[in-house]
Amino acid sequence: MKLSDFVVRDAIVTDLKAATKDTAIRSMVESLSKAGYIKAADQEGIIAAILKREELGSTGIGKGVAVPHTKHPSVDKLVATIALSKEGVEFASLDGESVHILFLLVSPPDRPGDHLRALENISRHLRNDNFCNFLRQALSAQGVVELLEEADNNQLG
Amino acid sequence: MPRGALSAAHDLRRGTSPAGRSAAPARLQPPALRCAVTMNPDPIPNCTRAVVVKLENGLHLGPSSQIVQLAQKFTSTLVIRKGDRKVDGKSMLDLLTLAAEHGTVLELETSGADAADALEAVAGLFERNFATDQSSGPADKGTPGAV
C-alpha cells in the first residue's frame, strides 16, 4: 500500500486555519466531501464519528502529528486526506505539543487490515525527519503530492 | 561461589540467559515469563514474554497509545518484536509500523530496574484485550523500581 493509493490529492489542505480539533476535523472532512470522495449527506455523520473516537483518546501521536480517523459504512475503500497547519492545532496530543500535520482516514468497517496498513505506511514515513520537515514546508497540494510520491518511491533518504 | 552462580556464569560465557534469577542448572524454563539478572558489571534485569494480539481490528492506534502511555510510567525500556522486526514500545510511530493484525504473536522484552513490573503491566494489557475498566499503572504493582 502506498500513500498515493489512499491520500486524495484533491482534498489536501495546505493552509489549515483551524485552531481547534473540532474545526480542523470538520474542515478536512468537508474537503473530502468537496473532492467527491464522501457524500454530502454522510458528512455530518463522519465528523461526529471521528470526534467520538477522539473522546476515547487523542489521535495526536506526538511529533506534531495527528491521525484522526473512523470507520464508516459510506465508503467502500479507505480514503484519506492531509492538512497542514502553520500555526498548529490544539489536539491534546500524547506529548502535549500542538499539531502541524494531520492525516484523516475514513475506512470501511469490514477492512480493518487496510486501516492498519495505512497507519503502518503513514507512521513509517513520519519516522523519516526529511519527510516530516518537507511536509511541514509544503506550500501547495501539488508539492504535497510530489512529496508523497517521492516517499512512496523511497527517494527521501 | 554458590553452585547457582557458577552455573549462571557458565551460561553467560556461552552467551545464553540463565533460566531464572536463581539460575538453576538444566531445568525447564517457565512457560511464559523469562527473567534474568545478568551478573556483571551492572545487573540489568531483563524480561521477555510472548503475547497474542486478540483485538479483532489488530493493534491499531488506540491500543498502541495505551501501550506507550503505560510503558512510559516505567524506567525500563520496552522492545516489541514481530518476527524479525523490533520496535521501541515507548514510541507511537515505532509501534504503529508493526501493523500487528488479529492473531499476531509479539514478543515483549523489558530491560531495566523495573523490568518485571513493566512486563507484567504491558502483558496485562494484552491479556485483558486492552479493556480499560481497571488501572494497571505501577501504582498497582508496589514501589516502582522494585524487581
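Tutor: Let's take the labels one at a time, keeping in mind that this is a predicted model.

Student: What makes chain A as compact as a globular protein of its length?

Tutor: Start with what it contains: six helices and five strands, in the order α-α-α-β-β-β-β-β-α-α-α along the sequence. For 157 residues the globule rule gives 15 Å, and the radius of gyration of chain A is 14 Å, which is close to that, so the chain counts as compact in the way a globular protein of that length is. Its C-alpha trace spans about 40 × 30 × 25 Å along the principal axes.

Student: And how much of chain A is buried?

Tutor: Buried means under 20% relative accessible area, and 54% of the 157 residues in chain A are buried. As for the accessible surface of chain A, it comes to about 7,100 Å², with 47% of that belonging to carbon and sulfur atoms.

Student: Why is helix α4 of chain A called largely enclosed?

Tutor: Count its buried residues: twelve of the 15 in α4(A) fall in that class, so the rest of the structure largely encloses this helix. Among them are A:Leu116, A:Leu119, A:Ile122 and A:Leu126, but also A:Asp114, A:Glu120 and A:His125.

Student: How do you know that the span of α4(A) agrees with what a helix should give?

Tutor: The rule is 1.5 Å times one less than the number of residues. For residues 112-126 of chain A that gives 21 Å, and the end C-alpha atoms are 21 Å apart, so the two agree.

Student: Why are β3 and β5 of chain B said to pair?

Tutor: Pairing takes at least two bridges. Strands β3(B) (residues 77-82) and β5(B) (residues 105-111) are joined by five, and they run antiparallel. To find the spot in the structure, look for B:Val79, which stands opposite B:Glu109.

Student: How many bridges link β3(B) to β4(B)?

Tutor: Four, again antiparallel, with β4(B) covering residues 85-88. Since the cut-off is at least two, these strands pair as well. Here B:Ile80 faces B:Val87 as its opposite number. The two strands form a hairpin with two residues between them, where B:Gly83 takes a positive phi near 60 degrees.

Methods. Residues are numbered from 1 along each chain as its sequence is written. Chains are lettered from A and ligands numbered from 1 in the order in which they are written. This is a predicted model: local features need pLDDT of at least 70, side-chain atom pairs count only at pLDDT 80 or more; totals for chains, interfaces and linings use all residues. Side-chain values use heavy atoms; hydrogens and water are left out. Buried means under 20% relative accessible area, exposed over 50%, partly exposed in between (1.4 Å probe, protein chains only). The radius of gyration is taken over C-alpha atoms; the globule rule is 2.2 Å times the number of residues to the power 0.38. Accessible areas come from the Shrake-Rupley method with a 1.4 Å probe; for residues, only the protein chains shown count as cover.
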